[in-house]
Amino acid sequence: TYVIAEPCIGEKDHSCTEVCPVDCIHPTQDEPGFAEATMLYIDPEECIDCDACVEACPVDAIFPEDLLPAQWAEYAERNAAYFKQ
Ligand code: SF4
Ligand code: F3S
């Protein structure tokens with residue numbers, strides 16, 4: 001699956017949602033723990049690993065999970081956890 005990391009916070013460019021063929025990228029509600037709460041997350045159950053969103057994001061916030069930079073590792077669980085609510 002693909003994961004959206006910290007650069008999305010406060011940016012929310014939304015280009016990723018326009019290119020995703022399965023509409024699996026979703027905005028979040030404000031939640032505790034984020035200084036600027038709102039960002040978008042990818043539903044790992046629906047992502048088909050097409051890679052289209054990576055190029056679309058102007059701030060390089062999206063990564064294949066296995067290439068997620070170590071300092072943003074927590075975002076893999078944040079993306080997944082959001083859809084388990
Ligand atoms: Fe959507 Fe493809 Fe990005 Fe997965 S890799 S979130 S399917 S655009
Ligand atoms: Fe965020 Fe980049 Fe999409 S800033 S909303 S991941 S295009």
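1. Let me start with a residue worth a look on your screen: Asn79 touches Tyr2, Val3, Ile4, Tyr41, Ile42 and Pro44, leaving aside residues up to four places away in sequence. Do keep in mind throughout that this is a predicted model. Asn79 is found in helix H3, and its relative accessible area is 1%. Since the cut-off for a buried residue is under 20%, Asn79 counts as buried.

2. Helix H3 covers residues 74–82, and its buried residues are Tyr75, Ala76, Asn79, Ala80 and Tyr82. Viewed down the axis of H3, these buried residues fall within an arc of 165 degrees, so they line one face of the helix.

3. The charged end of Arg78 sits over the ring of Tyr75, at 5.5 Å from its centre. Tyr75 is itself one of the buried residues of H3.

4. On to the aromatic rings. How many aromatic pairs does a search of the whole structure find? There are three. In one, the rings of Tyr41 and Tyr82 have their centres 5.5 Å apart and their planes at 55 degrees, so this pair is tilted. The pair links distant parts of the chain, as Tyr41 belongs to strand S3 and Tyr82 to helix H3, 41 residues apart. Both Tyr41 and Tyr82 are buried. Together with Phe83, these two tyrosines form one aromatic cluster.

5. Another pair brings together Phe63 and Trp72: their ring centres are 5.9 Å apart and their planes at 45 degrees, so this pair, too, is tilted. Phe63 is buried, with a relative accessible area of 16%, and Trp72 is buried with a relative accessible area of 16%.

6. Now for the ligands. Ligand 1 has 13 residues around it, of which Cys20, Cys47, Cys50, Asp51 and Cys53 come nearest. By class, the shell of ligand 1 holds eleven nonpolar residues, no polar ones and two charged ones.

7. Ligand 2 has 13 residues around it as well, and here Cys8, Asp13, His14, Cys16 and Cys57 come nearest. Its shell divides into eight nonpolar, two polar and three charged residues.

8. In general, most residues other than glycine have a negative phi. Lys12, although not a glycine, has a positive phi of about 45 degrees. Lys12 lies in the loop between S1 and helix H1 (15–19) and is partly exposed, with a relative accessible area of 33%.

9. The other residue is Asp49, whose phi is positive at about 60 degrees although it is not a glycine. Where does Asp49 lie? Asp49 is in the loop between S3 and helix H2 (52–56). Is Asp49 buried or partly exposed? At 42% relative accessibility, Asp49 counts as partly exposed.

Definitions and conventions:
Residues are numbered from 1 along each chain as its sequence is written. Chains are lettered from A and ligands numbered from 1 in the order in which they are written. This is a predicted model: local features need pLDDT of at least 70, side-chain atom pairs count only at pLDDT 80 or more; totals for chains, interfaces and linings use all residues. Side-chain values use heavy atoms; hydrogens and water are left out. A residue is near a molecule or strand if one of its heavy atoms lies within 4 Å of it. Ala, Val, Leu, Ile, Met, Phe, Trp, Tyr, Cys and Pro count as nonpolar, Asp, Glu, Lys and Arg as charged, and the others, Gly among them, as polar. Buried means under 20% relative accessible area, exposed over 50%, partly exposed in between (1.4 Å probe, protein chains only). Helices (H or I, at least four residues) and strands (E, at least two) are DSSP runs, numbered from the N terminus. The arc is that of the directions from the helix axis to the C-beta atoms. Contact means heavy atoms within 4.5 Å. Rings of Phe, Tyr and Trp (its six-membered ring) pair if their centres lie within 6.5 Å; planes under 30 degrees apart count as stacked, over 60 as edge-to-face and the rest as tilted. A charge sits over a ring if NZ of Lys or CZ of Arg is within 6 Å of the ring centre and within 35 degrees of the ring normal.
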